[in-house]
Amino acid sequence: MIDNIHKWLILRLTLVWLVLSLVVGGLVNYIGHIRLDNHVVDMARAETSHYTADFTAYLKSPTPQALALFSRKIQTLIEKDHLIVVEFYGADSKKVTEAFKSSVAEVETRLPKHGTEFTNTSKILCEKLTLGQEIFMRVFVPIFDDAGLRSGYLEGIYHAPNDIVVQNKRESLWALILVVVVMFVITLALYPLIIRLDRKLLEYAHILALTNIGMLKVLGSAIAKRDSDTNIHNFRVALYSVRLGEKLHLSNTAMQGLIKGAFLHDVGKIAITDAILLKPGKLTSEEFETMKTHVSHGGDILCSYDWLQDADEVVRYHHEKFNGSGYLSGLKGEDIPLNARIFAVVDVFDALTSRRPYKEPFNLETSVGIIREARGSHFDPAITDLFLEQVEALYAEICNEDEPLLHGKLEECIKTYFR
Ligand SMILES: [Fe+2]
């Protein structure tokens with residue numbers, strides 16, 4: 001059970017926000033890099049195209065004068081654009097000429113020397129190189145003659161303009177901030193929605209619990225009728241149990257099992273024949289052995305419904321005795337479940353102080369004397385002591401009250417412990 005749904009939800013939604021921001025932000029950053037690389041590739045290809053047309057023309061008529069003219073032209077061109085070096089090779093892969101941008105010529109020597117060997121390909125290829133924060137693109141452009149044969153190739157290094165790189169990084173940063181903010185707003189919007197759904201769920205769970213409790217009362221009443229008794233015994237033992245459980249600081253979960261068990265403690269009597277159950281006189285030993293089996297029959301009945309599993313301890317073990325002489329399992333001491341030890345005291349006390357077909361009710365003094373005498377033999381001594389400390393108050397509150405009043409008190413307990 002979550003005691004503080006707000007704290008629980010805030011923690012988890014914050015985690016979801018952080019994880020989503022990291023994942024989507026990382027994706028946005030990756031896409032930004034891809035966009036930048038593609039943009040630089042496009043610019044590098046566009047710039048090299050200015051050179052390939054002149055080199056193709058030179059290859060058709062490769063005279064020394066044409067080479068000198070071409071070399072001068074490419075040196076002029078390279079000073080104006082973003083290529084820092086451009087080299088031209090013939091069909092035999094021997095360098096024909098080259099040009100360097102004078103202002104950044106030394107950069108080429110600092111660039112990583114690894115790279116794809118381009119010379120055997122017939123496609124335009126680009127390889128990204130980085131130097132600190134700066135981006136370079138190694139470009140390979142094959143050149144073909146009119147017959148479609150490769151007559152040479154160009155190899156150059158393109159320096160991506162800094163303003164383009166900075167602009168792209170700025171756009172990526174804003175996209176990242178936008179992602180984080182949008183994720184935060186979405187997470188924030190989910191908060192009241194989840195809280196509302198949780199409240200609805202709690203309402204439905206409460207309605208379901210009340211429905212189950214209604215069925216519990218009906219079943220308890222049916223058992224009481226079978227035993228020629230009334231609901232009032234079930235109400236009294238349930239109330240005595242709750243009061244004693246409160247003194248023992250039982251958890252809500254344990255208290256629920258105790259209340260259910262109190263209502264259904266003799267459900268197994270349904271399986272006992274009328275001849276034994278309703279016999280006016282004393283049972284024979286054989287009949288008593290049969291009567292004892294009502295606790296195991298009760299456990300068998302409950303095991304078919306999960307919601308009643310916590311009542312099993314009371315139903316199956318409420319006739320066990322602390323010294324091990326009880327039935328049906330013969331459990332001893334604290335091997336007997338706590339709820340069963342609590343219920344054993346209040347069940348006997350209620351039997352002593354109530355009118356039964358075979359006896360008049362004992363007064364409080366006589367009943368307390370019998371309970372005290374069985375301390376440590378029939379009953380758990382610590383629980384007996386706790387019960388006897390408050391027995392007068394409990395007797396006054398519960399023993400002689402009518403059924404509607406006891407029912408009202410029990411409703412309050414159910415509201416407290418089944419919410
Ligand atoms: Fe019983």
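Analyst: Happy to! Let's start at H249, which counts as exposed because 8 other C-beta atoms lie within 10 Å of its own (exposed means 12 or fewer, buried 20 or more, partly exposed in between, with C-beta atoms placed from the backbone). This is a predicted model, where local features need pLDDT of at least 70 and side-chain atom pairs pLDDT 80 or more, while totals for chains, interfaces and linings use all residues. Numbering runs from 1 along each chain as its sequence is written.

H249 sits in the loop between α5 and α6 (helices are DSSP runs of H or I, at least four residues, numbered from the N terminus). Its phi is near 55 degrees, a positive value in a residue other than glycine.

Of the 16 residues in α11, 12 are buried, including I342, F343, V345 and V346.

V345 also leads us to the largest nonpolar core, of 43 residues, where A238 and V345 have the most contacts. Such a core is a set of buried Ala, Val, Leu, Ile, Met, Phe, Trp, Tyr and Cys residues joined through C-beta atoms within 7 Å. Beyond four places in sequence, A238 is in contact (C-beta atoms within 7 Å) with I259, A262, F263 and L410.

Methods:
Helix = DSSP H or I, 4+ residues; strand = E, 2+ residues; numbered from the N terminus. Contact = placed C-beta atoms within 7 Å.
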